[in-house]
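This report walks through one protein model for a reader who has not seen it before. Please look over the sequence and the structure first.

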Amino acid sequence: MALPERHASRRARIAHAYNTLNEQGYFTDRIGGNDAYLGSLMAHYVPRDASSILEVGAATGLWMRRVLHKRPALREVTVVEISDAAEECRRRLAPLLDRRPGARLDVVQDDFLEAAARLRPAQVVASSFVADYMGNPSDYLRRLHDLAEPGGRVIAVEVLTSSRAPVGSVSPGMLAGSFLRLCLAHAKVRKLPPVRGVVRSMGLYRLPEEPAFKDLQRYTADYTFPRGLWRAQARKYPGAVFHDLGIVGMLVLPKL
């Protein structure tokens, strides 16, 4: 069945934007993508005994590679990525899982909204910077929560917006404040702040100036995920953890 024109256009814009960013090197080891500054904090919330994980918006697999190194119990790995980075993700992760008896890697190159019904539930469901393409953020978090197995959890990282800082806006003051919040969040869980990672990933802050990304922002101009909504979502899920990191927010939602 053919997709509705608006949905097909949306898929094409997202894939084009992230193919372009991948070509610009944002998701290589040199810059490190989102993993460079958020990966350690996200990985902290992956239980050591978890055997299955699903990541939505895996890009080239930088964060999942980190997790596989830190969590040797993981055997069932599924990643969803709409752009051509999916193949790079497969090449990055397959050798690590080949060394684990009985391990399975599924790389799904598709829009999450199209793929969700055929994805297997997992003990850990992770998502990074995907909600702004998924419509209502609350509905998207619920869909992620539905995919977590009982006793599992969701780890979601997304842009945190405000009237003074709509999506795509970055200033030196915002960067400094966000870095301080990031350090405090790491201190709270007794981890060293990712100073080298933040420096290495500075190229990411040019991302809003990329023409393909500007086009995508215009298409998702109504996106909003302010602090009040983050806190409201945390209250909906007993035992949730919310990290206000300034520019971004992180929610950890248990599946009871």
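**Basis and confidence**

The model is predicted, so local features need a pLDDT of at least 70 and side-chain atom pairs count only at pLDDT 80 or more, while totals for chains, interfaces and linings use all residues. Residues are numbered from 1 along each chain as its sequence is written, and side-chain values use heavy atoms, with hydrogens and water left out.

The pLDDT is the predictor's confidence in each residue, from 0 to 100. Its average over the protein is 89, and 93% of the residues score at least 70.

Helices (H or I, at least four residues) and strands (E, at least two) are DSSP runs, numbered from the N terminus. Two strands pair if DSSP finds at least two bridges between them. Seven strands form an open sheet with mixed pairing, in the order β3-β2-β1-β4-β5-β7-β6. At its edges are β3 (104-108) and β6 (241-244), each of which pairs on one side only. From one strand to the next, the twist averages 10°. Axes are lines fitted to C-alpha atoms, for helices over the stretch in contact, and angles run from 0 to 180 degrees between N-to-C directions.

Strands β4 (residues 122-128) and β5 (residues 148-159) are parallel and share six bridges. Here S127 stands opposite A156 of β5. Strands β1 and β2 also run parallel, joined by five bridges, with L54 opposite T78 in β2. Of the five residues of β2, four are buried, so this strand is largely enclosed by the rest of the structure. Buried means under 20% relative accessible area, exposed over 50%, and partly exposed in between (1.4 Å probe, protein chains only).

| α2 (residues 35-44) | β4, β5, β6 and β7 (248-254) | about 15° with β7 |

In α2, nine of the 10 residues are buried, so the helix is largely enclosed by the rest of the structure. Among them are D35, Y37, L41 and M42.

**Aromatic pairs**

Rings of Phe, Tyr and Trp (its six-membered ring) pair if their centres lie within 6.5 Å; planes under 30 degrees apart count as stacked, over 60 as edge-to-face and the rest as tilted. The structure has five such pairs. In one of them, Y18 and Y133, the ring centres are 6.1 Å apart and the planes stand at 75°, so the pair is edge-to-face. Y18 belongs to helix α1 (residues 5-23) and Y133 to the loop between β4 and α6 (137-147), so the pair ties together parts 115 residues apart in sequence. Both Y18 and Y133 are buried.

The rings of F112 and Y140 have centres 5.5 Å apart and planes at 90°, so this pair is edge-to-face. F112 sits in helix α5 (residues 112-115) and Y140 in helix α6, and the pair links these distant parts of the chain, 28 residues apart. F112 is buried at 2% relative accessible area, and Y140 is buried at 2%. Ring pairs also join Y18, F27 and Y133 into a cluster.

**Two single residues**

A43 is buried, with a relative accessible area of 4%. From A43 to P121, 78 residues apart in sequence, the C-alpha to C-alpha distance is 19 Å.

S52 lies in strand β1 and is buried, with a relative accessible area of 4%. Not counting residues up to four places away in sequence, S52 touches L74, E76, A122, Q123, V124 and E149. The C-alpha atoms of S52 and E149 are 9.5 Å apart, although 97 residues separate them along the chain.

**Cysteines**

A disulfide is a pair of cysteine sulfur atoms within 2.5 Å, and a search of the whole structure finds zero. C89 is buried, with a relative accessible area of 1%. C183 also counts as buried, at 19% relative accessibility.

Definitions and conventions
Contact means heavy atoms within 4.5 Å.
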